[in-house]
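These are my notebook entries on the structure shown below. I record what I looked up, entry by entry.

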Amino acid sequence: MDLTNNHGLFKIRAFTALASLFLSIFAYYSNDIINTDGILYMNMAEAYLQGGLTETVKMFNWPFFSIVVAYVHKLTSLPLEISAYILNALLFVVLLDTLILISRKFQLNPQQIAIAAILFICFQSFNEYRDFIIRDFGYWAFCSLTLYRFILFLEKPTIANATFWQIVAITAVLFRV
């Protein structure tokens, strides 16, 4: 792939990331009601901040997403709900970016990748959930990243590629749906 294609791919990826963030922000501000799973995750994040892992597990037996939300809250000092929305928006960007990188592996030209990016951005089934606080985004993002890292491993079977592939796979399991 030459420099022109790399530059074109970068522009497509950057546009997709910005469009995804814009859609997420629009979804969050156009919906003022938090979903029921989101309430559970916010309560779990609060329980983690107050009493640690043991208090969180009392509410639900798979606390990884809520723990990550709690750490985003600690890092940013933003409310838990906003921290969850930021995390989900970033995970959504990772998902779409990875789908573009996978598409690039099919040797598509920049115009075809741009069309694929538009299809990913406009995919209604994903966009219906943008305003939800759910762990699914992390699962989808890391599952697609697992596939991409596996493709890289198949192309160049090194210990580093195998390690990254497995780390990403384990992370996907931590977000399990």
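**Entry 1. Handedness of a crossing.** A crossing is called left-handed if the near helix is turned anticlockwise from the far one by less than a right angle, and right-handed if it is turned clockwise. I note at the outset that the model is predicted.

**Entry 2. Helices α8 and α9.** Two packed helices are described by the angle between their axes and the distance between the axes. I looked up both values for helix α8, residues 136-155, and helix α9, residues 159-174: their axes come within 8 Å and cross at roughly 165 degrees. Angles over 145 degrees count as roughly antiparallel, so α8 is roughly antiparallel to α9. The crossing of α8 and α9 is left-handed.

I then looked up the residues that meet. From α8, they are Y139, F142, C143, L145, T146, R149, F150, L152 and F153; from α9, they are N161, A162, F164, W165, V168, A169, T171 and A172. Sorted by class, this contact of α8 with α9 has 13 nonpolar, 3 polar and 1 charged residues.

**Entry 3. F142.** Is F142 buried or exposed? Its relative accessible area is 17%, and F142 therefore counts as buried, the cut-off being under 20%. Leaving aside residues up to four places away in sequence, F142 touches L91, V168, T171, A172 and F175. For F142 and A172 I also noted two separations: 30 residues in sequence, and 4.7 Å in space from C-alpha to C-alpha.

**Entry 4. Helices α5 and α6.** I repeated the search for a second pair. The axes of α5 and α6 are 10 Å apart, and the helices pack at an angle of about 150 degrees. α5 and α6 are therefore roughly antiparallel to each other. Their crossing is right-handed. α5 contributes L96, L99, I100, S103 and R104 to the contact, and α6 contributes I113, A116, A117, F120 and I121. By class, I recorded 8 nonpolar, 1 polar and 1 charged residues for the contact of α5 with α6.

**Entry 5. The largest nonpolar core.** Which residues of this core touch the most other members? The core has 43 residues, and those with the most such contacts are M42, F65, V69, I100, I133 and F142. Two or more core residues come from each of α1 (3-30), α2 (36-51), α4 (64-76), α5 (80-104), α6 (110-122), α8 and α9. α5 supplies the largest share, 13 residues.

**Entry 6. F65 and N88.** I next listed the neighbours of F65, again not counting residues up to four places away in sequence: Y41, L87, N88, I133, I134, R135 and F175. I followed N88, which is found in helix α5. N88 has a relative accessible area of 0% and is therefore buried.

**Entry 7. S77.** Where does S77 lie? I found S77 in the loop between α4 and α5. Most residues other than glycine have a negative phi. S77 is not a glycine, yet it has a positive phi of about 65 degrees. Its relative accessibility is 63%, so S77 counts as exposed.

Notes. Residues are numbered from 1 along each chain as its sequence is written. This is a predicted model: local features need pLDDT of at least 70, side-chain atom pairs count only at pLDDT 80 or more; totals for chains, interfaces and linings use all residues. Side-chain values use heavy atoms; hydrogens and water are left out. Axes are lines fitted to C-alpha atoms, for helices over the stretch in contact, and angles run from 0 to 180 degrees between N-to-C directions. Helices (H or I, at least four residues) and strands (E, at least two) are DSSP runs, numbered from the N terminus. Angles under 35 degrees count as roughly parallel, over 145 as roughly antiparallel, 65 to 115 as roughly perpendicular and the rest as oblique. Contact means heavy atoms within 4.5 Å. Ala, Val, Leu, Ile, Met, Phe, Trp, Tyr, Cys and Pro count as nonpolar, Asp, Glu, Lys and Arg as charged, and the others, Gly among them, as polar. A nonpolar core is a set of buried Ala, Val, Leu, Ile, Met, Phe, Trp, Tyr and Cys residues joined through side-chain atoms within 4.5 Å. Buried means under 20% relative accessible area, exposed over 50%, partly exposed in between (1.4 Å probe, protein chains only).
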